[in-house]
Amino acid sequence: MTMKEQWKTLLQLFWTFFKIAPVTFGGGFAMIPLIEKEVVEKRNWLKSEEVTDVFALSQSVPGAVAINSATFIGHRIAGMKGAMAAMIGVTLPTFLIVLLLGILYFFIQDNPKIESAFISIRASIVAIIAYAAIKIGKTAIVDKSTFGILLVGIPILFFIHPVLAILAGAIAGVVTISIKRKLGYKINMDRKEKKEEKNDFKYFMGAGI
């Protein structure tokens, strides 16, 4: 990659996350659908499965999910410089907006129209997070064992810290895969493998002739 191409990629990373940050009310989870649309569908920088792994890793380490996700994605695409460009891009708009709102807060805090707007925004956030969960679920749930971990994990989150739930899920995954390998089962790591298996089966049965 030439210096010109490298700078172009860095500017694209910065601008991509700079655009996403101001409209992600509700934090990092609300940012997930927008990040996936920009990084996977529009830019073709990463695959959907890779973005899902990034989000899982971002939630398992300290810090804000949005900043962690942007940093990890930037690093995957353009190394340390990419991580810095993405991190600055995702934090700068929020910093400027919070600074502006901090100045204006005392003038708008009792405005009924502003309060009504935030009520609607909170409802929209729930829909966005639900949509993000469905999108991630399509790539994260690859077999019966991962579906079982999902069913067990949802009620557990009401009683334990999310970090503990992530660690428990990681342990469950390692144990499950180890048991499957000992029993001789083939391990499907993502849906793409399953889709390829189905296509191979169709070809074998004569559909590919």
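Which residues have the most contacts inside the largest nonpolar core? They are Phe17, Ile35 and Ile73, in a core of 22 residues. The model is predicted, so local features need pLDDT of at least 70 and side-chain atom pairs count only at pLDDT 80 or more, while totals for chains, interfaces and linings use all residues. Residues are numbered from 1 along each chain as its sequence is written, and side-chain values use heavy atoms, with hydrogens and water left out.

**The nonpolar core**

- A nonpolar core is a set of buried Ala, Val, Leu, Ile, Met, Phe, Trp, Tyr and Cys residues joined through side-chain atoms within 4.5 Å, where buried means under 20% relative accessible area, exposed means over 50%, and partly exposed lies in between (1.4 Å probe, protein chains only).
- The largest core, with its 22 residues, draws at least two residues from each of helix H1 (3–20), H2, H3, helix H4 (65–108) and helix H5 (112–140), helices being DSSP runs of H or I with at least four residues, numbered from the N terminus.
- H4 gives the most to this core, with 6 residues.
- Leaving aside residues up to four places away in sequence, Phe17 touches Ile35, Ala70, Ile73, Ala86, Gly89 and Val90, a contact being heavy atoms within 4.5 Å.

- Met84, Ile88, Leu92, Phe95, Leu96, Leu99, Leu100, Ile103, Leu104, Tyr105, Phe106 and Phe107 make a nonpolar surface patch of about 1300 Å², with areas from the Shrake-Rupley method with a 1.4 Å probe, for which only the protein chains shown count as cover for residues.
- Patches are made of residues with over 30% relative accessible area and no salt bridge, like charges being joined within 9 Å and nonpolar side chains (Val, Leu, Ile, Met, Phe, Trp, Tyr) within 5 Å.
- Leu92, one of the patch residues, lies in helix H4 and is partly exposed, with a relative accessible area of 31%.

**Salt bridges**

- The whole structure holds 3 salt bridges, each a side-chain nitrogen of Lys or Arg within 4 Å of a carboxyl oxygen of Asp or Glu.
- Lys19 pairs with Glu38, the closest N and O atoms being 3.9 Å apart; because Lys19 lies in helix H1 and Glu38 in helix H2, this pair ties together parts that are 19 residues apart in sequence.
- Glu38 is buried, with a relative accessible area of 14%, whereas Lys19 is partly exposed at 29%.
- Glu38 also meets Lys42 in a salt bridge of 4.0 Å, N to O, and these two residues are 4 residues apart in helix H2, or about one helical turn.
- Glu50 in helix H3 and Arg76 in helix H4, 26 residues apart, link distant parts of the chain through a salt bridge of 2.9 Å, N to O.
- Shared partners join the salt bridges of Lys19, Glu38 and Lys42 into one network.

**Aromatic pairs**

- The structure holds 2 aromatic pairs, in which rings of Phe, Tyr and Trp (its six-membered ring) have centres within 6.5 Å, with planes under 30 degrees apart counted as stacked, over 60 as edge-to-face and the rest as tilted.
- The rings of Trp15 and Phe18 are stacked, because their centres are 5.7 Å apart and their planes stand at 15°.
- Ring pairs link Phe14, Trp15 and Phe18 into a cluster.

**The loop residue Arg43**

- Arg43 is found in the loop between helix H2 (28–42) and helix H3 (48–60), and is partly exposed, with a relative accessible area of 25%.
- Not counting residues up to four places away in sequence, Arg43 touches Gln12, Thr16 and Glu38.
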